[in-house]
Amino acid sequence: MDERQAPDPAAQLSRRYGTLVAAGLTLVALVSVAFILPVPYVTMRPGPVFNTLGDFEGKPMFTFGKDARTYPTEGALDFTTVSVTRADTRVTLVDVLKAYLVEDDVAVVPHDIVYPDDQSEKDSAAVGQAQLTSSKDSSRVAALRAAGYRVPEQAAVAAVTKGAPADGRLQLGDRITSVDGRDTTTAASVVKLVSGTKPGQVVRIGYERRGRTGVASIRTRADARDPKVARVGVSLRSQYAFPVKISNNVGDQVGGPSAGMMFALAIYDRLTPGPLTGGLQVAGTGEIAADGTVGPIGGIRQKLAGAAAADAQVFLAPAANCGEVRAADRHGMRVVKVSTLKDAIRDLRALAKDPKASVPTC
């Protein structure tokens with residue numbers, strides 16, 4: 001008869017315990033690795049605020065030429081910023097969970113939304129600076145026009161697509177003066193007249209180049225995305241003849257277009273009598289067009305928090321961002337809804353007279 005040894009309970013327990021311990025250690029290791037590995041997200045935090053009526057890095061944010069009559073101001077018109085993790089920063093799961101669960105005023109967004117197509121930090125900074133430069137021009141135009149100045153506008157060639165119909169006929173910097181004999185004063189008017197022709201039709205584009213005038217006859221071609229629309233293959237930008245010299249001394253520490261409205265308000269305040277704020281601490285944000293239209297921006301929740309930390313009493317928010325404002329913490333500030341620069345000026349004047357005045361709010 002065969003004899004078989006009975007299982008040793010102690011040995012079985014030891015093996016099971018060892019297996020559980022090994023599995024537990026493996027799980028801990030995997031979780032630890034998961035927590036330290038980078039994840040495809042970036043964080044957005046409240047950034048510093050800068051008083052557009054004050055100094056930036058030791059010099060006035062705005063300086064005016066001798067041909068400009070300026071007036072004293074008071075209070076503050078702060079533009080707000082958002083601090084975003086750099087494109088090459090390693091954000092871990094711990095960072096994301098901390099921002100999402102613990103830090104109320106920090107947002108977590110996918111990396112490719114902020115840095116599309118694996119955009120580098122250098123490329124992102126270049127884009128931000130280009131947007132800031134455009135914002136400086138638009139804010140000057142909008143503010144000067146609101147203050148009663150005339151600011152003539154002219155369309156200019158910003159780029160010519162290689163191999164396009166305009167290649168060799170128009171050059172970078174050419175000022176477009178007419179299309180088929182019709183005067184043009186804006187980039188929009190040039191686009192409208194050219195796109196209003198049929199693809200394949202010849203258009204005569206008048207231009208000024210280094211003090212000389214000319215006319216280029218260009219056969220249009222169909223737009224790649226819409227074969228019914230005519231194009232000549234140039235990008236346009238607006239050039240302005242400013243009646244007075246205004247320098248915006250904000251450097252490359254900030255970027256993007258969202259300070260535009262606050263720039264315009266500061267310029268307007270300096271060029272018109274009587275302090276616009278009435279001494280109030282006002283903060284805000286909003287992209288601005290040359291016609292004074294105020295457009296939406298990103299990071300409104302973080303900008304509200306940054307403004308509150310700087311003791312702002314009033315916050316100017318683009319009307320298009322009001323939905324986000326309603327879902328955010330206003331930190332006790334009065335949030336005024338703004339669609340145009342004229343809206344902001346009107347409402348600030350009302351609040352300067354009476355801080356409890358009825359103005360549109362988010």
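Author: Let's start with a term we'll need: two strands pair if DSSP finds at least two bridges between them. Keep in mind, too, that what you're looking at is a predicted model.

Reader: Okay, so in what order do the strands of the open sheet come?

Author: The general idea goes like this: strands of a sheet pair through backbone hydrogen bonds, either parallel or antiparallel. Here, six strands make an open sheet in the order β6-β1-β5-β16-β19-β20, and the pairing is mixed. β6 (107–110) and β20 sit at the edges, each pairing on one side only. On average, neighbouring strands of this sheet are turned by 35 degrees against each other, direction ignored.

Reader: Can we zoom in on one pair? How many bridges join β5 to β16?

Author: Four, and the two strands run parallel; β16 covers residues 281–284.

Reader: Next up, the inside. Which residues have the most contacts inside the largest nonpolar core?

Author: As a rule, in soluble globular proteins, nonpolar side chains tend to be buried together. In this model the largest nonpolar core has 46 residues, and Leu 265 and Leu 316 have the most contacts inside it. Several elements each supply at least two residues of this core, including β5 (76–84), α4 (121–146), β19 (314–318) and α9. The one giving the most is α6, with nine residues.

Reader: What is Leu 265 in contact with, leaving aside its neighbours within four places in sequence?

Author: Leu 77, Leu 276, Leu 316, Leu 341, Ala 344, Ile 345 and Leu 348. Apart from this core lies another one, of 16 residues, with Ile 176, Val 194, Val 203 and Ala 216 among them.

Reader: How many disulfides does the structure hold?

Author: A disulfide is a covalent bond between the sulfur atoms of two cysteines. This structure holds one: Cys 322 is joined to Cys 362, with 1.9 Å from S to S. Cys 322 lies in helix α8 (residues 322–326) and Cys 362 in the segment after α9 (341–353), so the bond ties together parts that are 40 residues apart in sequence.

Reader: Is that disulfide left-handed or right-handed? And are the two cysteines buried or exposed?

Author: The torsion about the S-S bond is about -55 degrees, so the disulfide is left-handed. Cys 322 and Cys 362 are both buried.

Reader: Last topic: how many salt bridges does a search of the whole structure find?

Author: The idea is that side chains of opposite charge can pair when their charged atoms come close. The search finds seven salt bridges. In one of them, Asp 137 meets Arg 140 at 2.6 Å, N to O. These two are three residues apart in helix α4, so about one helical turn separates them. Asp 137 is partly exposed, at 25% relative accessible area, while Arg 140 is buried, at 16%.

How values were computed
Residues numbered from 1 in each chain as written. Predicted model: local features only at pLDDT ≥ 70, side-chain atom pairs only at ≥ 80, totals over all residues. Heavy atoms only, no water. Disulfide = S-S within 2.5 Å. Buried < 20%, exposed > 50% of the residue type's maximum accessible area, 1.4 Å probe, protein only. Core = buried A, V, L, I, M, F, W, Y, C linked by side-chain atoms within 4.5 Å. Contact = heavy atoms within 4.5 Å. Axes fitted to C-alpha atoms, helices over the stretch in contact; angles between N-to-C directions. Salt bridge = Lys/Arg side-chain N within 4 Å of Asp/Glu carboxyl O.
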